[in-house]
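The following note is meant to be read beside the model. Its points go from the single chain to the pair of chains, and then to local details of the backbone.

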2 protein chains.
Amino acid sequence: MDKVFSDRIADVPRSFIREILKVALDRNVISFAGGLPNRELFPADELKQATEKVFETYGRDVFQYSNSEGFGKLREYISAQYREKKNIDIPVDNILITSGSQQGLDLLGKIFLNEWEGLIIEEPGYLGAIQAFSIYRPMFLPVPVSDDGMDVIKLQEAVNSHNPKMMYTVPNFQNPSGISYSIKNRMDVAEVIQGSKLILIEDDPYGDLRFSGEAKPSFKELAPDNTVLLGSFSKSIVPGFRLGWIVAPEPIMSKLVTAKQATDLHTTHFTQCIIYQYLMDYDIDKHIEKINHVYGNQCKAMLRSIKKYFPGDVTSTTPEGGMFLWAELPEPLAALDLFDLAVKDHVVFVPGDPFYINKTRTRTMRLNFSCVDEATIETGIMRLANAINVLQEKNGQAM
Amino acid sequence: MDKVFSDRIADVPRSFIREILKVALDRNVISFAGGLPNRELFPADELKQATEKVFETYGRDVFQYSNSEGFGKLREYISAQYREKKNIDIPVDNILITSGSQQGLDLLGKIFLNEWEGLIIEEPGYLGAIQAFSIYRPMFLPVPVSDDGMDVIKLQEAVNSHNPKMMYTVPNFQNPSGISYSIKNRMDVAEVIQGSKLILIEDDPYGDLRFSGEAKPSFKELAPDNTVLLGSFSKSIVPGFRLGWIVAPEPIMSKLVTAKQATDLHTTHFTQCIIYQYLMDYDIDKHIEKINHVYGNQCKAMLRSIKKYFPGDVTSTTPEGGMFLWAELPEPLAALDLFDLAVKDHVVFVPGDPFYINKTRTRTMRLNFSCVDEATIETGIMRLANAINVLQEKNGQAM
């Protein structure tokens, strides 16, 4: 009782990404550290037009309190998109608008997780999810992911030995690794969890950002009874409006609405109206094509430079979409040590450590390619290659 | 482990206010049930102008991810207002922008409350706070409030016997009762908690909406070491933008920022910019005067009609501001029974029950006067008086 703060807040890891981003504000620093969509691609004029139309159309109703489930028309649009583009039938009543996908994670943690219940999480996994779920103090059960997806044998072991309640996945262009689960891997994962009570959270903020390869089935199709799906407008339109959604059947939906009310009553109605108007008046598919063209080229440029400049024993993933790739240094180098050298060479990235539960001095690092043009990517990777060489020399001397 | 949902979500009361509001959608029904600011008073044109200026001034930066603490200029404005209008010194670094005050409650529950720790709450108290804190499963310790404020003897007893961690108050024009703590009562409350480790949450969403009487000192002045202050633009400008703030010193602020990141990363940057632009370009004091003129007249009209039409043994509070008053039926009438009769007479209100912890069939009710014009208020109170008479007759027969 004499402690000031709750036990739960002590368990939440602070993001040192914040500290990195401060370094990245220096204009001389090339940053592969961010997790931001490219601001040059925001449909700024279109959103301005949409905003004007919202003022005309809805008048003062856009300013009033609104319902916790979210703007009806926007929910109908999302439902229609699932039907038309993915042939998945999602009733409007099963869609809750959230203040970004991040809030979806908080609400799911709130309604599902008791202290010490098992939560399977990808290793490496999304830092924001680790933070959101840490609040509810589950037992994290990391299961490795690699190029093809999740390690199904380790998944089966975790399910058998810990009877976990929930599982968190980003099967498309995962943050931080950029990998996607193959079709076979998705089917294998679905087989493990089907028939169990495990709740699978399929977080899909990047799904639309595919610049190569073929779309793969959602867990909502492969394991419909187990899957809760999260979506977002942050990567496809703009992140600053904080708009995402959860797809969940009754009775989960009913609990989510209770939690949403208790948490912030409802998501900003005004920005929901603007996004809806934008979606009605403009061709979102064409806009996403534009994003994917740029991100695809920048990803290729990064892979090309990695191949050209990095020592041969540094490996990397080959993303089919999204905003990140993942590189691994050879033994015994630690990405944290590389970071210190790289800052001096005016290039930054995110060392892998925060994406693991209880692992430090890992050899991995996240490289973001969405916000840096192709020429700058080459310069940045050259600088990073130089830092790797310096680190290897130093390490050689130490041994 | 076989339960689907967390224990904490089972403890959150669902609001039957939602159900009432559905009835209130019928145009023939006069509603004193809502908790909404009057939409006719929203500065719609001014916000439209401010929005256009934001597009011009900030360009695409308004669409990007932003920092968890909130928009710097808006936080500076809030800090300056406390200094200029209330002579309270609040450093900018001690202000966190939240997605409405409701989110402030969720974040404070997150960082402070362990299960079963004591939480003093006003009786009757704000339903949204009961919902928000229920998530974190405290032991609620209701302390009665009446015309002058909190029952200080009962407060002292609760502090002595339960060593509570936190206390939640709405000292100005409380929701649901409309009462305000007198200066003496504030000083008495401050004396009880000063020197203790009790965290006092002073929720002040209505503070600016004073239409009679004099402003009273904040607990932030009377018990500065214990007080965390919450503010909101929902009642003074618009609620739909979901913008509020928390004032808290280090190290509380640091924990709040961690919790905010884990919960939704940050509050919508776009709406923060618009509100800031509105505050720069227009006279908010003049706008608030306009609101207070209307609410003051409507409150007077309601009190006048209550005196004229209600049976003499129905009592009510006399608010100096805000949006609500509180009426109490004589023994043995229950407000829930009155509600059923009132709906038939096409008038609705909120029966008092949801504003109590574990009390049902109370005699109290919340009447909202912000959204109904003076003539309609008279008609509505007449209908309600008729329903009270019918209930008293019925009750007489039953006895």
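Predicted model: local features only at pLDDT ≥ 70, side-chain atom pairs only at ≥ 80, totals over all residues.

1. The C-alpha trace of chain A spans about 65 × 50 × 50 Å along its principal axes.

2. One sheet of chain A is open and has eight strands, in the order S2-S9-S8-S7-S6-S3-S4-S5, with mixed pairing. Its edges are strand S2 (95-98) and strand S5 (149-150); each has a single partner strand, so one side of each is left without a neighbour in the sheet. Within this order, strand S3 (residues 118-123) and strand S6 (residues 166-169) of chain A run parallel and are joined by three bridges. A:Leu119 has A:Met166 of S6(A) as its bridge partner.

3. S13(B) pairs with strand S14 (residues 364-368) of chain B over two bridges, in the antiparallel sense. In this pair, B:Pro351 stands opposite B:Met365 of S14(B).

4. The crossing of H5(B) and H6(B) is right-handed. H5(B) contributes B:Gln102, B:Leu105, B:Asp106 and B:Gly109 to the contact, while H6(B) contributes B:Gly128, B:Ala129, B:Ala132 and B:Phe133. Sorted by class, the residues of this contact are four nonpolar, three polar and one charged.

5. How are the two chains related? Chain B is superposed on chain A by a rotation of 180 degrees with 0.0 Å of shift along its axis, at an RMSD of 0.0 Å. The two copies are therefore related as by a two-fold rotation axis.

6. The contact between the chains takes 56 residues from chain B and 57 residues from chain A. On the side of chain B that touches chain A, at least two residues each come from helix H1 (7-10), helix H3 (44-58), H5, H6, helix H10 (252-264) and helix H11 (269-281). That side of chain B has 23 nonpolar, 21 polar and twelve charged residues. Of the interface residues of chain B, 100% are also interface residues in chain A, so the copies meet through the same surface.

7. Most residues other than glycine have a negative phi, and most peptide bonds are trans. A:Glu123 and A:Pro124 are joined by a cis peptide bond, with omega about 0 degrees; A:Pro124 lies in the loop between S3 and helix H6 (127-134) of chain A. A cis peptide bond also joins A:Glu331 and A:Pro332, with omega about -5 degrees, and A:Pro332 lies in the loop between strand S11 (324-328) and helix H13 (335-344) of chain A. A:Asn87, although not a glycine, has a positive phi of about 60 degrees; A:Asn87 is in the loop between helix H4 (72-86) and S2 of chain A.

Methods. Residues numbered from 1 in each chain as written. Chains lettered and ligands numbered in written order. Left-handed = near helix turned anticlockwise from the far one by under 90°. Helix = DSSP H or I, 4+ residues; strand = E, 2+ residues; numbered from the N terminus. Contact = placed C-beta atoms within 7 Å. Nonpolar A, V, L, I, M, F, W, Y, C, P; charged D, E, K, R; others polar. Least-squares fit on C-alpha atoms with pLDDT ≥ 70 in both. Pairing = 2+ DSSP bridges.
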